[in-house]
Amino acid sequence: MRKPIIAGNWKMNNTAAEGVALVEALKPLVADAACDVVVCVPFTDIPAVSAALKGSNVRLGAQNVHFAEKGAYTGEISASMLKEYGVEYVIIGHSERRQYFGETDETVNKRMHAALAAGLIPIVCIGESLEERETGKTEAVLDVQIREGLKGLDDVSRIVIAYEPVWAIGTGKTATAEQANETIGFIRKTCAEVFCPKCAEKVRIQYGGSMNAKNCKELMAMPEIDGGLIGGASLKAEDFSHIVHYDR
Ligand code: PGA
């Protein structure tokens, strides 16, 4: 009932020319994908990659969006600037933004509202640190991130949630499929409580953190896992297309 969604997060990789070369290689490999396919690219890649993706089944995403419509926010990009180039998705609250750029649940929440108001689909990232997992705080941390980060949203069924345990990002350590499934089940249960059981059933929840061509099949076979947010393995067309075709 929930259509799986595989999204690449290029992070700060690929110039516009490199990005175009990557999506040109990717398009034929994923043209028959059964799931939604998204690439979230650096801001400066957006115009060229958007043009390169025209007519394909690969959708375009950004990696952040500011919450104001316009104004004195040096260095920021608004939702309407993204929309102008055909951006449909936007990552919000990635752990690297929280860790290095002072992103909080409050700013995540503001960005969520701005993105939704503009008709963008937010991919909101939540997840616990290693210390939080080891001290049994995972559920408490996620509970706060959901309640605060998604505060005041009237329909969560439109958004995508990426569960990314911080200790699994870029480390080669993956949560086990069972761990990821159980935690995503908890996230869904919390969404049912905070919003409504029906929207919780509809919201797509991805796993992210060292997902790759080898482990994607097992992760994606889990009933609660509706997709993946892929960093490192999204930078090569072959690797990413293997994940898009996870059930092969
Ligand atoms: P990774 O990154 O796949 O390189 O671990 C995932 C992410 O940060 O979204």
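**His94 and the ligand.** I looked up His94 first: an N or O atom in its side chain is 2.6 Å from an oxygen atom of the ligand. I count that as a polar contact, a pair of N or O atoms within 3.5 Å. This is a predicted model, where local features need pLDDT of at least 70 and side-chain atom pairs count only at pLDDT 80 or more, while totals for chains, interfaces and linings use all residues. Residues are numbered from 1 along each chain as its sequence is written, and side-chain values use heavy atoms, with hydrogens and water left out.

Gly170 puts a polar backbone atom 2.6 Å from a ligand oxygen. For Gly231, a backbone N or O atom lies 2.9 Å from an oxygen atom of the ligand. The protein covers 95% of the 280 Å² of accessible area that the ligand has on its own (Shrake-Rupley method, 1.4 Å probe).

**The shell.** I found 13 residues around the ligand, and Lys11, His94, Glu164, Gly170 and Ser210 come nearest (near means a heavy atom within 4 Å). By class, I noted four nonpolar, seven polar and two charged residues; Gly goes with the polar ones, and Asp, Glu, Lys and Arg are the charged class.

**Ser210.** Where is Ser210 found? I traced it to the loop between strand S7 (204–208) and helix H10 (216–220). Most residues other than glycine have a negative phi. Ser210 is also buried, with a relative accessible area of 19% (buried means under 20%, with a 1.4 Å probe and protein chains only).

**Asn14.** Asn14 has a positive phi too, about 80°, and lies in the loop between strand S1 (5–9) and helix H1 (16–30). Helices (H or I, at least four residues) and strands (E, at least two) are DSSP runs, numbered from the N terminus.

Definitions and conventions. A polar contact is a pair of N or O atoms within 3.5 Å; within protein, one must be able to donate a hydrogen and the other to accept it, and residues adjacent in sequence count only if both atoms are side-chain atoms. Buried means under 20% relative accessible area, exposed over 50%, partly exposed in between (1.4 Å probe, protein chains only).
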